[in-house]
Amino acid sequence: MDGHVAPASARPTARGRLFFANPGPTNIPDSVLLATARASVDFNDPLFMTVYDGCVAGLKKVLKTEQTLFMYTASGHGAWEAALVNTLSPGDLVLIPETGHFSDSWTKMCGTLGFQTQAVPCDWRRGVEMSAIRDALAADTAHKIKAVCCVHNETAAGMRLPIDQVRKIMDELGHPALLMADTISSLGCYDFRMDEWGVDVCVGGSQKGLMLPTGFSFTGVSDKALTAHRTSTHPRHYFDWTEMLARKQKSFVGTVPVTLFYGLQEALRLMLVEEGLENVFLRHARLARAVRACVQHWSGNNGPQLFCQNPERYSDSVTAILMPEGHDAEVMRKIALEKFNVSTGGGLAKLSGKIFRIGHLGDLNEPMILGTLASIEMALGLAGVPHAKGGVQAAMDSLLKA
Ligand code: PLP
């Protein structure tokens, strides 16, 4: 058919479904896709406002907050920017515990926006030491640090950061900085408690644990952060919370992405009503353990190994896998995609070619994980990468134990 553009999921040689194991965007459930297949409506229509208000209430349940929520037609970067420009003033100092590529990106954004940054460096394979965060905050007796920006789940390294422990340290030291948490790849995958953990601004996006298309992001905002907003002098317009509070929707400076809200309504129904949030977390934990069991098996014969070397920090939403020296992860990824229709995540920035990533977040079940792992094991063989065969059996054993 001349001029026909095939969808990316239908490679000419591939029938059946694309097995999509990227750490974002993620698989979208059929019922969410169908829910978004709606004609546009006026975003001030009272019927739509009912859907909208239900979505705001549901999203707050996922964030475990009763405080304020602001939403933006932007990917996660937009919500990062909103968090900073609404609460801080030019020249303010921000402490950023290093986690990997995404803490680096947030640091870069802070610099571009005119904030000063102080890093708490770490070994990307072990994660930042809590004692190093404590030392940095304790040394700041003049309270120059105005915000501590943490990435809850470092998607590039497959590692979590215990945000509740950061709050504990801040409280013990009586440090008044705002605590900000990027939950872009953890929200709806494993536990996050905005109010209980005293998070002042938490940042989330639509396209990962919430199982939606990319297109909107949001910030949960504490009363303390709203107070800081009132004295923040940073220029802003599209992301301005004051501007938003004056609007009917109390969010979105501009057109509301109505179609996404029908999808969000369904995604929240799946998570909060049909499966239950705690069961969503258990499923993510079960699948993550199976992936790790498989990778640990592969590593037996000098094969690929878990990038994260700190079991306390293992991520339940993404596993990063380090290739053996001299083997390019991109070769394996290309084979998996072109031969088996399995899409995995690549290494970001300095990890490019060195690691690949399996996203196990969102709309995913056991056979999808097993199919992905089996295909990767075949791709490793075809790429001539040493590994202990039988990783999929280890994953099955792990699932049977769970
Ligand atoms: N933070 C984390 C932890 C992420 O995983 C991502 C994207 O993958 C971002 C921030 C950036 O979000 P976005 O790509 O939606 O702008």
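This is a predicted model: local features need pLDDT of at least 70, side-chain atom pairs count only at pLDDT 80 or more; totals for chains, interfaces and linings use all residues.
Colleague: Let's start with the backbone. Which residue does a cis peptide bond join to Gly 24?
Modeller: Look at the loop between strand S1 (19-21) and helix H1 (30-36). The peptide bond in question has an omega of about 0°. The partner that it joins to Gly 24 is Pro 25.

Colleague: Where is Lys 64, and is it buried, partly exposed or exposed?
Modeller: Lys 64 lies in the loop between helix H2 (46-63) and strand S2 (68-72). Its phi is near 55°, a positive value in a residue other than glycine. The relative accessible area of Lys 64 is 25%. Buried would need under 20% and exposed over 50%, so Lys 64 is partly exposed.

Colleague: What is the phi of His 143?
Modeller: You will find His 143 in the loop between helix H5 (130-139) and strand S5 (145-151). With 29% relative accessibility, His 143 is partly exposed. This residue is not a glycine, yet its phi is positive, near 55°.

Colleague: On to Thr 87. Why does Thr 87 count as buried?
Modeller: Thr 87 belongs to helix H3 (residues 76-87). Leaving out residues up to four places away in sequence, Thr 87 touches Leu 178, Met 180, Val 201, Ala 225, Ala 228, His 229, Ser 232 and Trp 241. The cut-off for buried is under 20%, and Thr 87 counts as buried because its relative accessibility is 7%.

Colleague: Which residue's backbone oxygen does the side chain of Thr 87 reach?
Modeller: The place to look is helix H3 (residues 76-87), where Thr 87 sits. At 2.7 Å from the Thr 87 side chain is the backbone oxygen of Ala 83.

Colleague: How many charged residues are in the contact of H3 with H4?
Modeller: The H3 side brings His 77, Trp 80, Glu 81 and Leu 84, which meet Phe 102, Ser 105, Trp 106, Met 109 and Cys 110 in H4. By class there are six nonpolar and two polar residues, and the charged count is one.

Colleague: What is the handedness of the crossing of H11 and H12?
Modeller: Helix H11 (residues 329-340) packs on helix H12 (residues 366-382) at an angle of about 120°, with axes 9 Å apart. The two helices are therefore oblique to each other. Their crossing is right-handed.

Colleague: How many charged residues are in the contact of H10 with H12?
Modeller: H10 passes H12 in a right-handed crossing. Arg 286, Leu 287, Ala 290, Val 291, Cys 294 and Trp 298 in H10 meet Glu 366, Ile 369, Leu 373, Ile 376, Glu 377 and Leu 380 in H12. By class that gives nine nonpolar residues, no polar ones, and a charged count of three.

Colleague: How far apart in space are Glu 172 and Arg 134?
Modeller: Glu 172 sits in helix H6 (residues 163-173) and is partly exposed at 46%. In sequence, 38 residues separate Glu 172 from Arg 134, and the C-alpha to C-alpha distance is 9.5 Å.

Colleague: Last one: which residues is Gly 114 in contact with, leaving aside neighbours within four places in sequence?
Modeller: Gly 114 is in the loop between helix H4 (101-112) and strand S4 (116-120), and at 35% relative accessibility it counts as partly exposed. Val 291 is 177 residues away in sequence and 41 Å away in space, C-alpha to C-alpha. The contacts of Gly 114 are Pro 90 and Gly 91.

Note on methods. Residues are numbered from 1 along each chain as its sequence is written. Side-chain values use heavy atoms; hydrogens and water are left out. Helices (H or I, at least four residues) and strands (E, at least two) are DSSP runs, numbered from the N terminus. Buried means under 20% relative accessible area, exposed over 50%, partly exposed in between (1.4 Å probe, protein chains only). A polar contact is a pair of N or O atoms within 3.5 Å; within protein, one must be able to donate a hydrogen and the other to accept it, and residues adjacent in sequence count only if both atoms are side-chain atoms. Contact means heavy atoms within 4.5 Å. Axes are lines fitted to C-alpha atoms, for helices over the stretch in contact, and angles run from 0 to 180 degrees between N-to-C directions. Angles under 35 degrees count as roughly parallel, over 145 as roughly antiparallel, 65 to 115 as roughly perpendicular and the rest as oblique. A crossing is left-handed if the near helix is turned anticlockwise from the far one by less than a right angle, and right-handed if clockwise. Ala, Val, Leu, Ile, Met, Phe, Trp, Tyr, Cys and Pro count as nonpolar, Asp, Glu, Lys and Arg as charged, and the others, Gly among them, as polar.
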